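Please keep the sequence and the model in view while reading.

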Amino acid sequence: MGRTYLVFLVIVGFVSSMLSSGHSTSPSPKVASGHVSERSSSSNSSAPSNPELPSDAVQLQREPNGHFFADVQINGSPIRVLVDTGASGIALSRSDAQRAGLPVSAGMFNVVGEGADGEVHGEYVMLDRVSLGSKSAEKVPAVILDAGEQSLLGQSFLSQFETVEIRGDTMLLR
């Protein structure tokens, strides 16, 4: 029952983020010297680093669609994820799962949760390694979703950070 509830929360977070914003087309954030800053197409400059932040802190800038995104390493492959502090776990799109070297079934018949449109199909997987900034975790459970294009990063990884806070348009992970 607990596993079903966990997956349900991930799916609800995923579906609500997709309904509220659609797929983001803005540039992905870039990890550099302990922080993540939004890249600008008009210049190569990144947001100024904050000297008060610890060197292992990750700083994300809110994108125009109102969400925070990060480039994480999953099984050694860069994957752009929506950071969802309300999601319990990690949910991967089919294409991101394949990019991370995970086997993806042609037909996903397992029901991994319930969404606004009914049953959500996918499959459960174990990620060898997930990394963001200086934080990493091994053997992290996740779900590969049959439908959807945006992957989510939830609490199963965010709990690696001591604090997660939002100040205006900046999310700080320390």
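## Surroundings of Asp 96

Leaving aside residues up to four places away in sequence, Asp 96 touches Ile 79, Arg 80 and Ser 151, where contact means heavy atoms within 4.5 Å. Asp 96 has its place in helix H2; helices (H or I, at least four residues) and strands (E, at least two) are DSSP runs, numbered from the N terminus. With a relative accessible area of 7%, Asp 96 is buried, the classes being buried for under 20% relative accessible area, exposed for over 50% and partly exposed in between (1.4 Å probe, protein chains only).

## Basis of the description

This is a predicted model, in which local features need pLDDT of at least 70 and side-chain atom pairs count only at pLDDT 80 or more, while totals for chains, interfaces and linings use all residues. Residues are numbered from 1 along each chain as its sequence is written, and side-chain values use heavy atoms, with hydrogens and water left out.

## Overall composition

The secondary structure of the protein comes to three helices and 12 strands, and 42% of its 174 residues count as buried. Among contacts between residues at least 6 apart in sequence, 59% join residues at least 24 apart.

## Salt bridges

Side chains of opposite charge can pair when their charged atoms come close. The structure holds eight salt bridges, a salt bridge being a side-chain nitrogen of Lys or Arg within 4 Å of a carboxyl oxygen of Asp or Glu. In one of them the side chains of Arg 80 and Glu 63 meet, at 2.6 Å from N to O. Because Arg 80 lies in strand S5 (residues 77–83) and Glu 63 in the loop between strand S3 (58–61) and strand S4 (69–74), this pair ties together parts that are 17 residues apart in sequence. Arg 80 is buried, with a relative accessible area of 19%, and Glu 63 also counts as buried, at 3% relative accessibility. The charged end of Arg 80 sits over the ring of Phe 69, 4.2 Å from its centre; for this description, NZ of Lys or CZ of Arg has to be within 6 Å of the ring centre and within 35 degrees of the ring normal.

Another salt bridge is formed by Asp 146 with Arg 94, whose closest N and O atoms are 2.7 Å apart. Asp 146 lies in the loop between strand S9 (135–145) and strand S10 (151–153), and Arg 94 in helix H2 (residues 94–99), so the pair ties together parts that are 52 residues apart in sequence. Asp 146 counts as partly exposed at 32% relative accessibility, and Arg 94 is partly exposed with a relative accessible area of 21%.

## The S11–S12 hairpin

Strand S11 (residues 164–167) and S12 run antiparallel and are joined by four bridges, where two strands pair if DSSP finds at least two bridges between them. The two strands form a hairpin with two residues between them, and Gly 168 in the turn has a positive phi of about 65°. Glu 165 stands opposite Leu 172 in S12.

The side chains of Glu 165 and Arg 167 meet in a salt bridge of 3.1 Å, N to O. Salt bridges that share partners join Glu 165, Arg 167 and Arg 174 into one network. Glu 165 is partly exposed, with a relative accessible area of 24%, and Arg 167 counts as partly exposed at 48% relative accessibility.

## Nonpolar cores and the aromatic pair

The largest nonpolar core has 29 residues, and those with the most contacts inside it are Ile 90, Leu 127, Leu 132 and Leu 153. Such a core is a set of buried Ala, Val, Leu, Ile, Met, Phe, Trp, Tyr and Cys residues joined through side-chain atoms within 4.5 Å. The elements that give two or more residues to this core are S3, S4, S5, strand S6 (90–92), strand S8 (118–132), S9, helix H3 (155–158) and strand S12 (170–173). Apart from this core lies another, of eight residues, among them Leu 82, Ala 91, Val 120 and Val 143.

The structure holds one aromatic pair, with rings of Phe, Tyr and Trp (its six-membered ring) pairing if their centres lie within 6.5 Å, and planes under 30 degrees apart counting as stacked, over 60 as edge-to-face and the rest as tilted. Phe 157 and Phe 161 form this edge-to-face pair, at 6.1 Å centre to centre and 80° between the planes. Phe 157 and Phe 161 are both buried.

Asn 75, a residue other than glycine, has a positive phi near 55°. Asn 75 lies in the loop between S4 and S5 and is partly exposed, with a relative accessible area of 23%. Lys 139 is not a glycine either, yet has a positive phi of about 55°; Lys 139 is found in strand S9 and counts as exposed, at 56% relative accessibility.
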